[in-house]
Amino acid sequence: MHQIIIIGTGFGAQAIALALIKQNITDFVMLERRSFAGGTWKQNRYPGAAVDVQSPLYSLSATPYPWTRMFAKQAELAKYTDDMFDRFNLWAYIKLNHNVIRSVWDEEAQSWQVDIADQPSLKAQFLINATGPLSTPVIPNFIGKERFRGTHFHTNDWPADFSLHNKKVAIIGSGASATQVIPAIVDQVKHLHVFQRTPHWVISRPDMKFPKWVQRLLNKKWFYFPLRAAIYWALETRVIAFKYFPGILRFVGEWPAQRLLKKQVSDPKLRAALTPDYTIGCKRIIMSDTLYPALTKANVSFHDKTDGIGEITANGVTTSQGESIDLDVIVYATGFDATDGLISYPVTGIDQQTLSDFWHDYPRAYLGTSVPFCPNFFIMTGPNTGIGHTSAIVVIESQVEYIMQAIKAVRDQKCQSIAPTVEAEASYTNFVHSEMENTVWHKGGCNSWYKSASGKVIAMFPGFSFTFRKLCKKFKLGDHTLV
Ligand code: N01
């Protein structure tokens with residue numbers, strides 16, 4: 001029996017682990033289903049993978065870090081993760097190849113039983129899910145998908161040491177992942193077919209390599225934290241448009257995107273196909289200076305929804321126009337299941353109530369973190385904790401504050417368990433969805449992974465990140481039931 005089980009080893013898990021260690025709570029384990037630790041930035045190794053939030057802000061606040069560039073590439077993010085594991089001795093808590101298949105609340109013992117594939121079950125008083133909102137890849141059910149004889153994989157599962165040299169390749173999707181893969185592989189492949197269902201708004205990416213002297217400064221607290229704060233506040237202003245004045249985005253936000261498109265794509269037909277018909281910000285905004293030039297190369301064929309995937313055949317793809325395309329490789333850049341995939345194993349709480357039943361209509365949670373009938377259970381990056389305008393780590397560290405206070409409340413009150421009341425959860429969820437109504441994610445006229453099948457925005461927090469931080473910081477004991 002442990003005091004705490006953390007499921008996952010990505011940024012969410014690291015943040016809560018560091019907070020526990022800081023409070024001298026060391027009776028915890030971090031369960032990782034893969035054979036390596038580190039979460040999304042270790043798993044997503046596709047060519048071109050890089051973060052689109054400024055690195056000094058896209059890092060845990062525990063310590064400064066000498067980033068080598070403004071927008072870190074995957075390899076540096078993976079190294080950062082390993083450095084954090086080393087520096088704070090997190091390796092000692094990690095159990096690899098521990099794939100959680102079920103968790104059940106034991107009311108009598110006031111603890112969680114966590115079942116793990118091919119391993120003995122574990123028990124703990126507290127259970128913290130930190131599996132990430134985008135860890136369940138989706139490959140759509142294209143007709144004939146199983147017939148394809150060539151190589152095929154999702155961007156999330158890019159094979160190691162796989163050469164695309166001189167191959168005929170199709171990439172399906174045009175989100176953040178596809179946008180990074182396309183420029184990274186276009187010069188290796190013989191021919192690249194890009195299948196875009198919906199265009200994304202693309203803006204320039206002000207990346208830069210930091211000179212050595214800046215890297216040295218980044219290692220100093222007095223430089224790092226003020227810089228972080230400056231980036232944070234600059235990004236925070238975006239919410240004013242996303243939430244309060246989505247109409248303004250049509251004029252102000254779309255202008256730089258249209259300028260970039262005009263500058264980089266001269267073919268009017270391609271330009272039209274790449275121009276979205278929804279408000280910028282409704283889907284995640286893409287940052288890239290290399291996507292459009294890649295799409296104009298001679299070895300690229302661009303397919304929009306007028307000649308999209310009809311079916312997949314043994315040798316490639318037949319488009320909806322009936323054109324047969326021979327392929328060696330199909331890359332699915334088709335995103336993740338952020339609704340059902342938010343927690344991929346069944347969770348059963350008090351009186352056999354299940355999380356999937358509770359989330360039947362859409363995922364919901366008090367502060368996006370806890371649910372009424374699941375005592376001592378917390379969800380890092382849970383429902384409506386996404387943040388389109390700044391670093392996810394700001395949200396993660398806010399949730400950590402709430403969780404740490406909840407754990408402290410259990411100790412202080414000499415109780416065994418804590419859960420939000422039904423009323424508190426309902427009131428928070430109503431607040432989130434009424435605040436959502438005016439946002440660009442809700443009324444921007446697009447479909448996105450931010451929404452559930454029913455059209456409710458379930459991924460984003462509708463406001464400033466400091467509002468969320470304040471809500472998490474101000475722990476309300478009265479919103480909870482303690483046993
Ligand atoms: O996934 P997506 P992603 N037929 O869902 C298309 C983070 N991230 O992996 O737009 C045809 O955005 C789908 O089309 P449509 C970031 O938060 C960050 O690219 O639904 N096409 C879309 O084009 C991001 O938002 C970074 O019409 C189909 C694509 O597949 C999130 O991860 C890098 C289809 C999926 O795009 C997800 O990004 C990478 C179908 N049946 C990811 N189904 C950085 O930090 C889906 N599509 C830079």
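How far apart do the C-alpha centres of domain 1 and domain 2 lie? I find 28 Å. This is a predicted model, so I note that local features need pLDDT of at least 70, side-chain atom pairs count only at pLDDT 80 or more, and totals for chains, interfaces and linings use all residues. Residues are numbered from 1 along each chain as its sequence is written.

**Domains.** I looked up the bounds, which come from an automatic or database domain assignment. Domain 1 is 2-136 + 337-482, and domain 2 is 161-207 + 217-332. Next I checked contacts, meaning C-beta atoms, placed from the backbone, within 7 Å. Here 33 residues of domain 1 are in contact with 34 residues of domain 2. On the side of domain 1 that touches domain 2, α15 gives the most, with three residues. By class, that side has 18 nonpolar, twelve polar and three charged residues. I count Ala, Val, Leu, Ile, Met, Phe, Trp, Tyr, Cys and Pro as nonpolar, Asp, Glu, Lys and Arg as charged, and the others, Gly among them, as polar. Helices (H or I, at least four residues) and strands (E, at least two) are DSSP runs, numbered from the N terminus.

**Core.** A nonpolar core is a set of buried Ala, Val, Leu, Ile, Met, Phe, Trp, Tyr and Cys residues joined through C-beta atoms within 7 Å. Buried means that 20 or more other C-beta atoms lie within 10 Å of the residue's own, exposed 12 or fewer, and partly exposed in between, with C-beta atoms placed from the backbone. The largest core has 136 residues; Ile-5, Ile-6 and Val-169 are among those with the most contacts inside it. Helix α13 (residues 392-412) gives the most, with eleven residues.

**Helix α1.** I then turned to residues 11-22, which form helix α1. Is α1 mostly covered or mostly open? It is mostly covered: nine of its twelve residues are buried. Among them are Phe-11, Ile-16 and Leu-20. The cover includes β1 (2-7), α3 (74-87) and α13. Just after α1, Asn-24 takes a positive phi of about 60°.

Key
Contact = placed C-beta atoms within 7 Å. Expected span 1.5 Å × (residues − 1).
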